[in-house]
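Thanks for coming. I have one structure to go through today, so please look at it on the screen while I talk.

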Amino acid sequence: MSDEPAEDTIENIPRHVAIIMDGNGRWAKERGMPRVAGHRVGTENLRRIIRASANLGIQYLTFYAFSTENWNRPKAEVTGLMRILSEVIDREMAELNKEGARLLHIGHLDGLSKQLQEKVRNAIELTKDNQRITIVLAFNYGGRDEIIYAIKNMLADGVDPEDVDEELVSSYMFTREIPDPDLVIRTSGEQRTSNFLTWQSVYSEWYFPQVYWPDFDEEELKKAVEIYSRRERRFGGLKDS
C-alpha cells in the first residue's frame with residue numbers, strides 16, 4: 001500500500017465501507033470456468049481494494065466472504081472456499097501486516113477445520129497492533145445469527161430488560177469493536193442485503209454497481225466513494241432549515 005494520497009481529494013470519505021463480494025460464480029460461468037475459479041479470482045481482487053481503500057483514507061473495510069447460509073452450497077464449492085481462505089492467509093498476511101493492516105473476524109470459527117481456525121487466530125494476533133486500516137472478515141457470518149447470539153448472551157448474563165437499549169445490544173454484537181458501516185457496496189447489480197450486518201446497516205448508504213466482484217477495481221471503488229460523498233445522511237431526521 002502506497003502512502004501517497006489519492007490524486008483527487010474527495011470530501012467526506014466514509015470511515016467504514018462494507019462489501020458484499022457478489023458475482024464471482026457468474027463471472028466464471030460467463031468465461032466457461034467452474035464457480036470456484038471465480039472465487040479464486042475474486043480473492044486476487046482483495047489486495048488492490050484494500051490498498052485503494054487505505055489510500056483513500058477508509059479506516060475500516062469489511063468483506064462478506066462466507067455466510068451462515070453458504071454451507072448449503074455444493075460440497076465441492078464449500079471445500080474450495082475453505083481452501084482459498086487458507087491460501088489467502090498464507091499468501092497475504094505477512095505483506096498486509098508489513099503495510100499496517102489489522103485483521104478482525106466476525107462470525108463463528110466453528111465449522112472450519114482446526115488448522116484453519118488456528119491460521120485465522122494467528123493472523124489476528126499478528127496484526128493486532130496495526131492502525132493504518134482494519135480489515136474485517138465476515139466468514140461463517142449471518143446478521144440474524146449475530147442478533148440471536150447477542151440475545152442468548154444477554155440472557156446468560158442476566159441483563160435486566162429495563163437496561164436494554166441500542167448501546168447495550170451493540171456491545172453484544174460481533175462488531176462491538178467496529179463502527180457501523182457508512183457505506184455498503186454489493187457488486188454484480190443484485191439489490192439484496194442477504195443477511196449482512198442486519199443490525200449495523202440500518203442507516204448505511206447502499207450502492208449497487210453492475211460489475212461483478214472480480215472486475216470491481218480501484219476506479220469503481222473511487223466512484224462508489226464519490227457517490228457516497230454527495231449523499232445527505234439524515235439518520236431518520238430532516239435537514240435543518
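This is a predicted model: local features need pLDDT of at least 70, side-chain atom pairs count only at pLDDT 80 or more; totals for chains, interfaces and linings use all residues.

Before the strands, one definition: two strands are said to pair if DSSP finds at least two bridges between them. His16 gives an instance of a bridge, its partner in β2 being Tyr60. Strand β1, residues 16-20, pairs with β2 in the parallel sense, over 5 bridges.

The mean pLDDT of the chain is 93, and 94% of its residues reach 70 or more. Over residues 2-7 the pLDDT is below 50, and beyond near neighbours in sequence that stretch has 7 contacts in the model.

Now the sheet. What is the order of the strands? It is β3-β4-β2-β1-β5-β6, 6 strands in an open sheet with parallel pairing. At the edges are β3 (101-106) and β6 (205-207), each of which pairs on one side only. From one strand to the next the twist averages 20 degrees.

Going through some of the pairings, β2 and β4 are joined in the parallel sense by 7 bridges. Phe63 stands opposite Leu137 of β4 there. Between β3 and β4, also parallel, there are 6 bridges, and Leu104 has Val136 in β4 as its bridge partner. Strand β2, residues 60-67, is mostly covered, with 7 of its 8 residues buried.

That leads to the packing. In soluble globular proteins, nonpolar side chains tend to be buried together. Here the largest nonpolar core has 44 residues, and the members that touch the most others are Ile19, Leu61, Phe63 and Ile185. Helix α3, residues 75-98, gives the most to this core, with 9 residues. Apart from it lies another core, of 15 residues, including Ile20, Tyr64, Phe174 and Ile178.

Leaving aside neighbours within four places in sequence, Leu61 is in contact with His16, Val17, Ile19, Ile49, Ile50, Ser53, Ile133, Thr134, Ile135 and Val136.

Asn140, in strand β4, has a positive phi of about 55 degrees although it is not a glycine. Is Asn140 buried or exposed? Its relative accessibility is 6%, and the cut-off for buried is under 20%, so Asn140 counts as buried. Ser188 is likewise a residue other than glycine with a positive phi, near 90 degrees. Ser188 sits in the loop between β5 (183-186) and β6, and at 9% relative accessibility Ser188 also counts as buried.

Last, two loop residues. Asn130 is in the loop between α4 (114-127) and β4 (133-141). Its relative accessibility is 17%, so Asn130 falls under the 20% limit and is buried. Which backbone oxygen does the side chain of Asn130 reach? That of Ala101, at 2.8 Å. Beyond four places in sequence, the contacts of Asn130 are Leu96, Asn97, Gly100, Ala101 and Arg102.

Met33 lies in the loop between α1 (24-29) and α2 (35-56). With a relative accessible area of 33%, Met33 is partly exposed, because that value lies between the limits of 20% and 50%. Leaving aside neighbours within four places in sequence, Met33 is in contact with Trp27 and Ala28.

That is what I have for today.

Technical notes: Residues are numbered from 1 along each chain as its sequence is written. Side-chain values use heavy atoms; hydrogens and water are left out. Helices (H or I, at least four residues) and strands (E, at least two) are DSSP runs, numbered from the N terminus. Buried means under 20% relative accessible area, exposed over 50%, partly exposed in between (1.4 Å probe, protein chains only). A polar contact is a pair of N or O atoms within 3.5 Å; within protein, one must be able to donate a hydrogen and the other to accept it, and residues adjacent in sequence count only if both atoms are side-chain atoms. Contact means heavy atoms within 4.5 Å. A nonpolar core is a set of buried Ala, Val, Leu, Ile, Met, Phe, Trp, Tyr and Cys residues joined through side-chain atoms within 4.5 Å. Axes are lines fitted to C-alpha atoms, for helices over the stretch in contact, and angles run from 0 to 180 degrees between N-to-C directions. pLDDT is the predictor's confidence in each residue, from 0 to 100.
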